Amino acid sequence: MSYRLEKPYTDNERADFIVKYNHSQGLDIEETEEGMVALEPFEKLVDGIVTDNTEVYETEKEKEERERLNNLTMTKRVLWLQLKELGITYKQLKDLIATNEDAQAEWDLCETLKRDNPLLDIMGAKLNITPEQIDNMFKIANGELPVKEESAEETNGAGKASGTSSNQPADNEEEE
């Protein structure tokens with residue numbers, strides 16, 4: 001819901017409007033010839049009329065969230081511990097990595113894995129792990145989600161949840 005302060009107004013009224021709606025509530029303030037308008041993030045001012053811009057806003061937020069997730073990292077060790085919680089053995093992981101030269105190079109040459117690596121989704125699919133589960137693994141590794149267990153149905157038959165045990169190492173621990 002937008003809020004308006006119509007002209008004429010005093011400097012104090014202007015300052016109070018900005019403090020109340022921008023500083024306290026985080027709304028965007030736009031000044032027009034008629035006065036000031038405080039806009040919700042999903043609203044847009046077009047020719048002095050407040051319009052609903054929800055679809056564009058939600059698309060932008062989804063894009064921002066994808067970019068944020070793509071920048072998350074975790075060590076190979078933390079990935080392994082999370083895969084182990086899903087019932088994936090180290091031998092299964094190594095055998096799968098060995099079938100893909102790019103995956104082998106990533107595993108051998110990198111200390112940390114970044115979520116935007118498309119190999120994670122390719123290899124995950126071969127292990128019956130969804131992209132959403134991989135996202136959650138990165139969120140857990142970065143402390144954004146609590147470690148928890150899900151039912152086998154929620155993990156698409158991959159076993160336990162995408163969490164790790166309580167002895168999960170910090171992502172900055174050295175790999176053994």
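Figure 1. The model is a predicted one, in which local features require pLDDT of at least 70 and side-chain atom pairs count only at pLDDT 80 or more, while totals for chains, interfaces and linings use all residues. Numbering starts from 1 along each chain as its sequence is written, and side-chain values use heavy atoms, with hydrogens and water left out. Strands (E, at least two residues) and helices (H or I, at least four) are DSSP runs numbered from the N terminus. Strand β2 covers residues 28-31 and runs antiparallel to β3, with four bridges joining them; two strands are taken to pair if DSSP finds at least two bridges between them. Asp 28 has Leu 39 of β3 as its bridge partner.

**Figure 2. Strand β3 and its pairing with β1.** Strand β3 spans residues 35-39, and five of its five residues are buried, where buried means under 20% relative accessible area, exposed over 50%, and partly exposed in between (1.4 Å probe, protein chains only). Strand β1, residues 3-6, pairs with β3 in the antiparallel sense over four bridges. Tyr 3 is bridged to Ala 38 in β3. In a regular strand the side chains alternate between the two faces of the sheet.

Figure 3. Side chains of opposite charge can pair when their charged atoms come close. A salt bridge here is a side-chain nitrogen of Lys or Arg within 4 Å of a carboxyl oxygen of Asp or Glu. Glu 64 and Lys 61 form one, with 3.4 Å between the closest N and O atoms. Both residues belong to helix α2 (residues 54-70) and are three residues apart, about one turn of the helix. Glu 64 is partly exposed at 44% relative accessible area, and Lys 61 is partly exposed at 40%. A salt bridge also links Glu 65 to Arg 68, the closest N and O atoms being 2.9 Å apart. Glu 65 and Arg 68 likewise lie in α2, three residues apart, about one turn of the helix. Glu 65 is partly exposed at 30% relative accessibility, as is Arg 68 at 32%.

Figure 4. Lys 114 and Asp 116 meet through their side chains in a salt bridge, 3.9 Å from N to O. Lys 114 is partly exposed at 34% relative accessibility, and Asp 116 is partly exposed at 39%. The search of the whole structure finds nine salt bridges.

Figure 5. A cavity is a set of points, on a 1 Å grid over the protein atoms alone, where a 1.4 Å probe fits but cannot get out; lining residues have an atom within 4 Å of a point. Grid points are joined across faces, edges and corners, and a volume is the space filled by probe spheres set on the points. The count is one cavity of 30 Å³ or more, and the largest cavity holds about 260 Å³. Its lining has 19 residues, and Leu 79, Leu 93, Leu 119, Leu 120 and Met 123 lie nearest the centre. At least two lining residues come from each of α3 (76-85), α4 (90-98), α5 (101-109), α6 (118-126) and α7 (131-141). Helix α6 gives the largest share, four residues.

Conventions. On a 1 Å grid over the protein atoms alone, a cavity is a set of points where a 1.4 Å probe fits but cannot get out, and a pocket is an open set with protein on both sides within 12 Å along at least five of seven lines; lining residues have an atom within 4 Å of a point.
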